[in-house]
Amino acid sequence: MSLETAIGGVRAAVAGMAGLTRVYDDPPASLSEFPCAFVVSANGEMSDTGAGGLAFHSIAIEIYQAPNITAQAVDGAKVWPDRVFAALRADPTLGGTVTHIRWPITYQALGLQYNNVTHYGMRFVCTVKVLEQHMSDI
């Protein structure tokens, strides 16, 4: 299990949520389909436990509702906390890509800057635990 694999697991969970027009594999040059999302690394912590590697990866889920902060965008974004929570809770190992999700997940509703355009949206941070065996144990 790696950071790349963990991001893929979170991305797959997000892609299964109703209401998203597109979930990008990587942040695109520009946004044109709404609501859309992408999943990237936020930060993390890694250590060696003697029994293997231990990592806590914080993964950001950014959902862009619209290219302006409007009442419609704010109202439309209200569904995302419940949908993200349900998607992550449905499979705590994210298809075996992580050891488990470390609760709680956090979110912010805010104006997100993307290529000098402010979009209304939500930013979630999901921390996952990844245990890796020593290569000699595999």
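**Core first.** I started with the largest nonpolar core, which has 30 residues; Ile61, Ile63, Leu88 and Val128 have the most contacts inside it. For me a nonpolar core is a set of buried Ala, Val, Leu, Ile, Met, Phe, Trp, Tyr and Cys residues joined through side-chain atoms within 4.5 Å. Buried is under 20% relative accessible area, exposed is over 50%, and partly exposed is in between (1.4 Å probe, protein chains only). I then checked who supplies this core: helix 1 (3–15), strand 2, strand 3 (52–66), helix 3, strand 4 (100–114) and strand 5 each give at least two residues. Strand 5 gives the most, with six residues. I also found another core apart from this one, of seven residues, including Tyr24, Cys36, Phe38 and Tyr114.

**What I'm working from.** This is a predicted model, in which local features need pLDDT of at least 70 and side-chain atom pairs count only at pLDDT 80 or more, while totals for chains, interfaces and linings use all residues. Residues are numbered from 1 along each chain as its sequence is written, and side-chain values use heavy atoms, with hydrogens and water left out.

**Confidence.** I looked up pLDDT, the predictor's confidence in each residue, from 0 to 100. The protein chain averages 91, and 95% of the residues score at least 70. Confidence is lowest in helix 2 (residues 71–76), with a mean of 91, and highest in helix 3, at 98.

**Layout.** I count three helices and five strands in the protein chain, in the order α-β-β-β-α-α-β-β along the sequence. These are DSSP runs numbered from the N terminus: helices are H or I with at least four residues, strands are E with at least two. The C-alpha trace spans about 55 × 30 × 20 Å along its principal axes. Of the 138 residues, 40% count as buried. I also noted that residues 24 or more positions apart account for 61% of the contacts with a separation of 6 or more; contact means heavy atoms within 4.5 Å.

**Helix 3.** Which residues are buried in helix 3? I find Trp80, Pro81, Val84, Ala87 and Leu88, within residues 80–89. They sit on the same side of helix 3 because they cover an arc of only 135° around the axis, the arc being that of the directions from the helix axis to the C-beta atoms. The face turned away from the buried side carries the exposed residues Asp82 and Arg89.

**His119.** Buried or exposed? His119 is buried, with a relative accessible area of 4%. I located His119 in strand 5 (residues 117–133). Leaving aside neighbours within four places in sequence, His119 is in contact with Leu31, Phe34, Tyr64, Ala66, Pro67, Asn68, Leu110, Gly111, Leu112 and Tyr114.

**Ala29.** I found Ala29 in the loop between strand 1 (22–24) and strand 2 (36–48). Ala29 counts as exposed, at 68% relative accessibility. Leaving aside neighbours within four places in sequence, Ala29 is in contact with Tyr114 and Asn115. I also checked Ala29 against Phe124: they are 95 residues apart in sequence and 21 Å apart in space, C-alpha to C-alpha.
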